Amino acid sequence: MSEIMEMLVRRGFIWQSFEIYGGMAGFIDYAPLGNGLRRKVETLWREFFVINERSVEIDTPTVGIEEVFIASGHADGFTDVAIECSGCGRVFRADHYVKEKLNLEVDPTVEAVKNVIQEFNLKCECGGDFRNPEHFNLMFVTKIGPGRGKKGYLRPETAQGIFIAFKRLSDYFRNKLPFGVAQIGRAYRNEISPRQGVIRLREFNQAELEFFCHPGEKRHPEFYKYADDVITLVDKFDKEHRITLKEAVEKGIIAHELLAYFVGKTRRFLLAAGIKDEKLRFRQHKDDERAHYAVDCWDAEVLLSYGWIEVVGIADRSDYDLSRHTQFSREDLSIFVPFEEPVKVRKRKVVPDLSKLGPAFKDKAKKIAEELERLEDVGNDITVVVDDEEITVSPEYYEIKEVEEEIHGERLIPHVIEPSFGLDRITYAILEHAFDTDTVDGEERKVLRLKRKLAPVQVAVLPLLSRDVFVDEAEKIASELREHGIYTELDVTGSIGRRYRRYDEIGTPFCITIDHQTFEDETVTIRDRDTTTQVRVGKTELVEVLVELLNSEKSITEFGEIFRS
Ligand code: GAP
């Protein structure tokens, strides 16, 4: 286990799920501190992508009925290629295995994998041969209800819950584009052989924003906030750019302003969470790499001990999902978008001749006439669908008239720009980037330099001695801090130096010490995790000082008299 993983398990951030039964790859437990951190990452995400965005948040089921995933394309297309050893029986994800053993990129198709196995005589680690590669669908199948029940799947992304509620959502926004809908929740993927610890999970947490926009207006009024940010981009030809977002749009590296807006906002969010800018880049998907629904996609990648790891995918999903759900559910998911000014247009309208349609088409004539009247700007050969039957209607049954009409708007299926965040990978990346060692008083110290706002324990109250009078005072102070919403622990065990080290290691930004002087002049000391500087402040000012410190990057030396132990 790496040094950081050892610390995360020992201190109570992350544990292996089902540990007493031997564990299972792809599942983790969030232990008390890890859970606290992930929840705060969620809160920060909400601040960026819900409160400070034109969006709302919803919560839909994690189980979906089969129809949803047939329409979304996941039932057919959400697969990886698996290879199984005929000797030891182990199964590997083919593209990962080929990359690891041959350092080659292989297309995720059965044919391509077969060719590589043959060409390079690729064997299993045990020396055995691989059986024929197969597509493996990553969705967990389930059954809803008793008996034969109804087939369902655990959702592989939170997004579909938003698309299928689109009609209600667009009413909620009074059909006014653009608007965003967010969802934070569990997603499930039955990964073939998850071997990267906390990175590739079978049950994980996503925070997704589906931002619905007019297909011809992929802009954002707040792009100016990020336009001048300099950012590292790796385009689909593997060319690296250090460039402002404005230039990236002007040069056509990023397809449009709205995608660039979310790239910029994602970067600011990741930096606010503690990801280091020099270990962050945005990589464009190659043409053969994009998901079935995406027309352009940029991944935020973070450099970790595992290499460059995708933590966010930002995709232009166009109208793919809403069109597919329209087609499969037969619910019209288009919306009416009014023009600023009405527009006059000349149109060729069809006027059915019922006196001829009646005798020729009998009981279907009325429905055919209705379908004909609905047609706009037609050519000469007209085919309509009535009761699932295609009927060709020749020109003798209708007349085409040129008319001028005033058009007040248009019906369209909105496009979707989707920033999709993996909260588990982000939480782990924050921990790796915060993990540091330095020397304090001639001794090596391990310290987790978490952002103050995200620390699972924000303040530790430490009585210098374990005598009742010190502990009682510490309890009073801890209780007051908790009442003000500050995550506080009280710790009495061990020397004060050891206790400081313990809280440095879990990233607690401030330790409060109750010492002899507390009883003389009603002051306590505040110790800063990063600098180990201490200041003395009055007990009555403590809450105010801590609230300000925790919500800023200010130095504690601004708040009290510097104190050296
Ligand atoms: N709705 C789009 C979507 O799900 P994705 O790129 O497949 O896109 C988005 O997933 C994010 O979810 C990824 O950037 C990653 O952070 C996270 N993610 C995907 N699969 C994961 C897994 N098996 N374990 C942990 N996180 C995962």
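Let me start with proline 178, which sits in the loop between helix H8 (166-172) and strand S10 (179-188), where helices (H or I, at least four residues) and strands (E, at least two) are DSSP runs numbered from the N terminus. What we are looking at is a predicted model, in which local features need pLDDT of at least 70 and side-chain atom pairs count only at pLDDT 80 or more, while totals for chains, interfaces and linings use all residues. Residues are numbered from 1 along each chain as its sequence is written, and side-chain values use heavy atoms, with hydrogens and water left out.

If we leave aside its neighbours within four places in sequence, proline 178 is in contact with Arg54, Phe211, Phe212 and Cys213, contact meaning heavy atoms within 4.5 Å.

Next, the cysteines. A search of the whole structure finds zero disulfides, a disulfide being a pair of cysteine sulfur atoms within 2.5 Å. The sulfur of cysteine 85 has its closest cysteine sulfur in cysteine 126, at 3.6 Å, and that is too far for a bond; cysteine 85 is also buried, with a relative accessible area of 1%. Cysteine 297 is in no disulfide either, since the nearest cysteine sulfur, that of cysteine 213, is 15 Å away, and cysteine 297 is buried too, at 8%.

Now to a pair of helices. The axes of helix H12 (residues 354-361) and helix H13 (residues 365-374) come within 8 Å and cross at roughly 135°, the axes being lines fitted to C-alpha atoms over the stretch in contact, with angles from 0 to 180 degrees between N-to-C directions. H12 and H13 are therefore oblique to each other, because angles under 35 degrees count as roughly parallel, over 145 as roughly antiparallel, 65 to 115 as roughly perpendicular and the rest as oblique. On the H12 side the contact is made by Leu354, Leu357, Gly358 and Phe361, and on the H13 side by Ala365, Ile368, Ala369 and Leu372.

Lastly, helix H16 (residues 496-505) has as its buried residues Arg499, Tyr500, Tyr503, Asp504 and Glu505, and just after H16, glycine 507 takes a positive phi of about 85°.

How values were computed: Buried means under 20% relative accessible area, exposed over 50%, partly exposed in between (1.4 Å probe, protein chains only).
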